[in-house]
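Visitor: I'm new to reading protein structures. Please pick one part, take a close look at it with me, and then lead me on from there.

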Amino acid sequence: MKNTENIKEDSTTKKFRLPPSIIMLIIAVIALVIGIVVPPILAKHENQHIDEDCKTASTILEAVRDSTNDANIAQQITRAGWSSITWTVADKKGVITCTNNIADLQNAVAKAVGDVPRKSKTLGTAVWTVTVTPSADGSGYTVNGAWTGAIGADNNELTTKSGGTVAQ
């Protein structure tokens, strides 16, 4: 019986095991590689989202400019003296609102853009405001867009990128 037990012990396969220090070294190298590779990827991803949000802001600006060519909307803006359209976020949806109860202007912009949510974290709580001001002589309108409240970004740079004009 002893011989059989000795044979069983000798024939069992021995498992290869790495010492704990080698395992810790491998984990540290993997963590280092992840720490080096991941941040630039995340930054690039966020920059793409900022670009997409700025394109949407530019589309809103153009929709407002186009809307001032509608006689009904132009008359409402002139009567109110000015109007502004804002693009904010509520419940992860893009929300377009208009001052002075000019529903036709708000609807025209919403139709052009829709409920576009913000994609970037940087612009998550920021507000894109497009202001329409009739000229003093009644010959046209000044339409300008601007970002406010961006987190960790230059509002003026974002405004320019979106087609708005930075106040001097």
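**A close look, starting from one residue**

Guide: Let's begin with Val127, which lies in strand β3 (residues 127-134). Strands here are DSSP runs of E, at least two residues long, while helices are runs of H or I with at least four, and both are numbered from the N terminus. Before we go on, please keep in mind that this is a predicted model, where local features need pLDDT of at least 70, side-chain atom pairs count only at pLDDT 80 or more, and totals for chains, interfaces and linings use all residues. Residues are numbered from 1 along each chain as its sequence is written, and side-chain values use heavy atoms, with hydrogens and water left out.

Back to our residue. Val127 counts as partly exposed because its relative accessibility is 22%; the cut-offs are under 20% relative accessible area for buried and over 50% for exposed, with partly exposed in between (1.4 Å probe, protein chains only). Leaving aside residues up to four places away in sequence, Val127 touches Thr86, Trp87, Thr88, Arg118, Ala146, Trp147 and Thr148, where contact means heavy atoms within 4.5 Å. Although 41 residues separate Val127 from Thr86 in sequence, their C-alpha atoms are 6.6 Å apart in space.

Now look at Ala150, in the loop between β4 (141-148) and α5. Ala150 is buried, as its relative accessibility is 15%. Its contacts, again not counting residues up to four places away in sequence, are Thr122, Leu123, Ala126, Asn155 and Leu158.

Next comes helix α5 (residues 155-161), where we find Glu157. With a relative accessible area of 53%, Glu157 is exposed. From C-alpha to C-alpha, Glu157 and Cys54 are 10 Å apart, yet 103 residues apart in sequence.

Cys54 takes us to helix α2, as it is one of the buried residues there, which also include Glu46, His49 and Asp53. The 48 residues of α2 span 69 Å from first C-alpha to last, close to the 70 Å expected at 1.5 Å a residue; the expected span is 1.5 Å times one less than the number of residues.

How does α2 pack with α4? Helix α2 (residues 20-67) and helix α4 (residues 103-113) meet at an angle of about 135°, their axes 9 Å apart. That angle makes α2 oblique to α4. Axes are lines fitted to C-alpha atoms, for helices over the stretch in contact, and angles run from 0 to 180 degrees between N-to-C directions. Under 35 degrees counts as roughly parallel, over 145 as roughly antiparallel, 65 to 115 as roughly perpendicular, and the rest as oblique.

In this pairing, Thr56, Thr59, Ile60, Ala63, Val64 and Ser67 of α2 meet Leu105, Ala108, Val109, Ala112 and Val113 of α4. By class, the contact of α2 with α4 has eight nonpolar, three polar and no charged residues. Ala, Val, Leu, Ile, Met, Phe, Trp, Tyr, Cys and Pro count as nonpolar, Asp, Glu, Lys and Arg as charged, and the others, Gly among them, as polar.
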